[in-house]
Amino acid sequence: MFIPLHDANRLRFIKAQYVTVGLIAVNVIAYFWSVAGGWEATQAAAYSYGYIPSVAFDHVDLPPELVVLPGEASYVTYAFLHGDLFHLGGNMLFLWVFGDNVEDAMGHLKFLVFYLACAVAGALFHGMMAPMSEVPLIGASGAVAGIVSAYLLLHPRVKIWVLAFGRLPLRIPAWIVLALWIGFQFVMFALAGEDQISWAAHIGGIIAGAVLLVVLKRSEVPLLDRHIVTPQAAVVAPARADATRSRGPWDR
């Protein structure tokens, strides 16, 4: 429906979005590493590092040759693998456009915790909806969905450039784009049933992002684009008409 391109929303507390850029780099490196060995190596990586509900809940065991890390690690590692370049590119585009301002609102370390926690929430909700599934879940969509809901709560009135229907450039308020995107996830979760896309992971990330934003954001960062207004300083009139005038302070 809408492809985000640019939000022109300046950073207020940090000099640069180091964690956002680092996460994109790790995802890109992980993708090319996972596909470098061909189809069989890609499948092995998905089973070794992807999130498999039936394995996570101890209903089945992975073959020993595929066990690389403790099972709990898959709640995070799955979020750094992607099925193809379109899957990777879509998630990284959303992370690039919206991640910097969420990182700015929290600080670098808290943003990293936020991102990973949203990934965990996405996997957990996916597992709760399909506890017997033996299909690996991969992709950063759960974590990115958390960033989307956090951005919506922070900056709904910021205007962003998007490609509507993949071809028409528009500059519209963020709340229109992101509310429609979030609503679409819930509709698809309710209607899709068996699908290659885990809408449940998106829902888990969305809910976690909204809750964790309130907990992790800087105390001075307002929600919903509310600005703290500094009252204008009063200018005291001179007591006598011939008194020397001085400029009073003004808040700009």
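These are my notebook entries on a predicted model of one protein chain.

**Entry 1: confidence**

I looked up the pLDDT before anything else. The chain averages 86, and 87% of the residues score at least 70. I then turned to residues 228–252, where the pLDDT is below 50. Beyond near neighbours in sequence, this stretch has 9 contacts in the model. Where pLDDT is low, the predicted coordinates should not be read in detail. I left that stretch alone.

**Entry 2: the sheet**

Next I looked up the strands. I found an open sheet of 3 strands, in the order β1-β2-β3. The pairing is antiparallel. Which strands stand at the edges? They are β1 (2–6) and β3 (168–173). Each has a single partner strand, so one side of each is left without a neighbour in the sheet. From one strand to the next, the twist averages 40 degrees.

I checked one pair in detail. β2 and β3 pair over 6 bridges, in the antiparallel sense. Leucine 163 stands opposite proline 169 in β3.

**Entry 3: helices on the sheet**

I looked up what packs on the sheet. Helix α5 does, touching β1 and β2. Its direction makes about 50 degrees with that of β1. Helix α8 packs on the sheet too, and touches β1, β2 and β3. The direction of α8 makes about 100 degrees with that of β3.

**Entry 4: the nonpolar core**

How many residues are in the largest nonpolar core? I noted 54. Val102 and Phe114 touch the most other members. Elements that give two or more residues to this core include α1, α5 (85–106), α6, β2 (159–164) and α9 (199–216). In soluble globular proteins, nonpolar side chains tend to be buried together.

Leaving out residues up to four places away in sequence, its contacts include Val102, Met106, Ile147, Leu212 and Leu216.

**Entry 5: histidine 126**

I picked histidine 126, which lies in helix α6 (residues 108–129). Is histidine 126 buried or exposed? It counts as buried, because its relative accessibility is 12% and the cut-off is under 20%. Not counting residues up to four places away in sequence, histidine 126 touches Tyr51, Pro53, Leu137, Ser198, Ala200 and Ala201.

**Entry 6: helix α2**

Last, I looked up helix α2 (residues 39–49). Thr42, Ala45, Ala46, Ser48 and Tyr49 are buried there. What covers the buried residues of α2? The cover includes α1 (18–35) and α4 (74–77).

Methods: Residues are numbered from 1 along each chain as its sequence is written. This is a predicted model: local features need pLDDT of at least 70, side-chain atom pairs count only at pLDDT 80 or more; totals for chains, interfaces and linings use all residues. Side-chain values use heavy atoms; hydrogens and water are left out. pLDDT is the predictor's confidence in each residue, from 0 to 100. Contact means heavy atoms within 4.5 Å. Helices (H or I, at least four residues) and strands (E, at least two) are DSSP runs, numbered from the N terminus. Buried means under 20% relative accessible area, exposed over 50%, partly exposed in between (1.4 Å probe, protein chains only). A nonpolar core is a set of buried Ala, Val, Leu, Ile, Met, Phe, Trp, Tyr and Cys residues joined through side-chain atoms within 4.5 Å. Two strands pair if DSSP finds at least two bridges between them. Axes are lines fitted to C-alpha atoms, for helices over the stretch in contact, and angles run from 0 to 180 degrees between N-to-C directions.
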